[in-house]
Amino acid sequence: MPFFCYLQEIQKRWYTVSCDFYTGVRSEKVEEMRAKLADGVYLTCLPARKFKTSLLSAQFVVPLRADHAAVHALRPAVRRRGTVRFPDLSALSAELDRLYGAQIDYTVRKKAESHCIGFVASFIDDAFVPGGEKLLEPAASLLGELICSPVTRNGRFLPEYVEGERVNLIDAIRGILNDKRDYAELRLLQEMCSGEPYGVSRFGDEKSAEKVSPQRLYAGYAELISTARLELFYSGSAAPERVRQALLDAFSTLPREGVRPVPETLPHAARAEVKCVAESMDVTQGKLGMGFSCGSDDFPALLLGNTIFGGSSNSRLFLNVREKLSLCYYASSVYHRQKGMITVSSGIEFENYQKACDEILRQLGAVQKGKLDEWEFTGARSTLRNAYASIGDSQAKLENFYLGQAATGQEESPEEMAAEMEATDEKRVFEAMETVALDTVYFLKGKESGE
């Protein structure tokens, strides 16, 4: 059933997202509107007049699966090569030039255990276009064409387009292997989340990419655009009603049948015994990754605790393990909210493996026991406060933030998340961090290393 048959009363939820919270610099407010346009189709408007550009984004949200990851990663890249009206890159580029140098890029992202694939368009905001010309509608139309009217031949995507983008995808997959820091971080997640979608790379794997044919790529295309949730985002000066109508027109031929809900991401189940994995490669610097399970779901407390532990340049891992003791070339940690995990990434000399492991655990213990100075809490709050405030300074950050919220079923605005963090006292941080336990250790070492 086509998209326009689902036109219905718009259901709105309004939030006030302040671009100037905690900074006292800006006075502009961004009112975020999320509206349901059709079955499984949502529009998030972020009206803003301070930017000279407008941003439009269309993202399909599907479950992240190892057997589908490479196929999904290829689809937007191939569709970006041309539409029925603009069948090649030259024709597409000419149309973008006509729109005063607009840009449309394909995106492949991972949000918790969801795969987000689509396009992001950036073009001059109507308030700054010479002669009062309107660019929102033609930009939205082009975005709709890339999704609803891709160029095909004999009922399939053009083989030369598929082959070219497959080569690019394989290069991107190999690029992770070539960057040993990225590779070690991915391998840690693969080992820690073995059997869970969270361990799957957003690009899939090389073997799967090599097997993708034009027929298979196109075969699942109709199902994707019919059944997957579609998240639309707009940031700019246009009125929300005008944006809504522009997108309804642009996606009027989008089929909507059997829309599937996005599966909920399940927290990582802690292991009874620590899993240790060592891998040898031709490297001169060791990569030590440590994964921890969190027994608490107190998000702001764990976020603060992780920032103190290894989430900033003022963290204990950076100042002590790296700077003071010189055990690591780099050392940092990330809190994975949806999975209830904290992961540590570090680069070390091979012979410092055990010393680095012990010291990282010692620094975690200090956070868990509250053996901290007051400035550490103050610094962590300041880091997070600035991070939340900076989201409103960039349309790309706003789109990425709200895509993450939509894909994972969260509704907090940056301001609300900052307020939750500010209201979290030290006791809550200690209690939440006490539930953090070592789960998996991954060590990438040299072939001649004796560790």
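At 4% relative accessibility, Tyr221 counts as buried, where buried means under 20% relative accessible area, exposed over 50% and partly exposed in between, computed with a 1.4 Å probe on protein chains only. The model is predicted, so local features need pLDDT of at least 70 and side-chain atom pairs count only at pLDDT 80 or more, while totals for chains, interfaces and linings use all residues. Residues are numbered from 1 along each chain as its sequence is written, and side-chain values use heavy atoms, with hydrogens and water left out.

A pair of aromatic rings is described by the distance of the centres and the angle of the planes. Rings of Phe, Tyr and Trp (its six-membered ring) pair if their centres lie within 6.5 Å; planes under 30 degrees apart count as stacked, over 60 as edge-to-face and the rest as tilted. The structure holds 8 aromatic pairs. One of these joins Phe157 and Tyr221 edge-to-face, at 5.5 Å centre to centre and with 70 degrees between the planes. Phe157 lies in strand β8 (residues 156-157) and Tyr221 in helix α8 (residues 221-227), so the pair ties together parts that are 64 residues apart in sequence. Here helices (H or I, at least four residues) and strands (E, at least two) are DSSP runs, numbered from the N terminus. Phe157 is buried as well, with a relative accessible area of 1%. Ring pairs link Phe157, Tyr218 and Tyr221 into a cluster.

Helix α8 also contains Thr227, a buried residue with a relative accessible area of 11%. The side chain of Thr227 reaches the backbone oxygen of Glu223 at 2.7 Å. This is a polar contact, defined as a pair of N or O atoms within 3.5 Å; within protein, one must be able to donate a hydrogen and the other to accept it, and residues adjacent in sequence count only if both atoms are side-chain atoms. Not counting residues up to four places away in sequence, Thr227 touches Arg256, Glu257, Gly258, Val259 and Arg260, contact meaning heavy atoms within 4.5 Å. Between Thr227 and Pro255 there are 8.4 Å in space, C-alpha to C-alpha, and the two are 28 residues apart in sequence.

Thr83 is found in the loop between α1 (69-79) and α2, and is buried with a relative accessible area of 0%. Its contacts, leaving aside neighbours within four places in sequence, are with Glu145, Leu146, Ser149, Pro150 and Val151. Within α2 (residues 89-98), Leu92, Glu95 and Leu96 are buried. These three residues cover an arc of only 100 degrees around the axis, which puts them on the same side of α2; the arc is that of the directions from the helix axis to the C-beta atoms. What covers the buried residues of α2 includes β5 (103-111) and α3 (136-148). The face turned away from the buried side carries the exposed residues Ser90 and Asp97. After α2 comes Tyr100, whose phi is positive, near 60 degrees.

Strands of a sheet pair through backbone hydrogen bonds, either parallel or antiparallel. In this structure, an open sheet of 5 strands has the order β10-β14-β11-β13-β12, with mixed pairing. The edge strands, β10 (275-281) and β12 (330-336), each pair on one side only. Two strands pair if DSSP finds at least two bridges between them. From one strand to the next, the twist averages 15 degrees.

How many residues of β11 are buried? In this mostly covered strand, 9 of the 9 residues are buried. Gly286, Leu288, Met290, Phe292 and Cys294 point one way from β11, and Lys287, Gly289, Gly291 and Ser293 the other way. Strand β11 (residues 286-294) runs antiparallel to β14 (residues 436-446), to which 8 bridges join it. In β14, Leu444 is the bridge partner of Lys287, and Val441 stands opposite Met290. β11 also pairs with β13 in the antiparallel sense, over 8 bridges; there, Gly289 has Ser345 of β13 as its bridge partner.

Two helices lie across the sheet strands. Helix α10 (residues 299-309) lies across β11, β12, β13 (341-348) and β14, running at about 175 degrees to β12. Helix α12 (residues 353-369) lies across β11, β13 and β14, at about 30 degrees to β11. Axes are lines fitted to C-alpha atoms, for helices over the stretch in contact, and angles run from 0 to 180 degrees between N-to-C directions.
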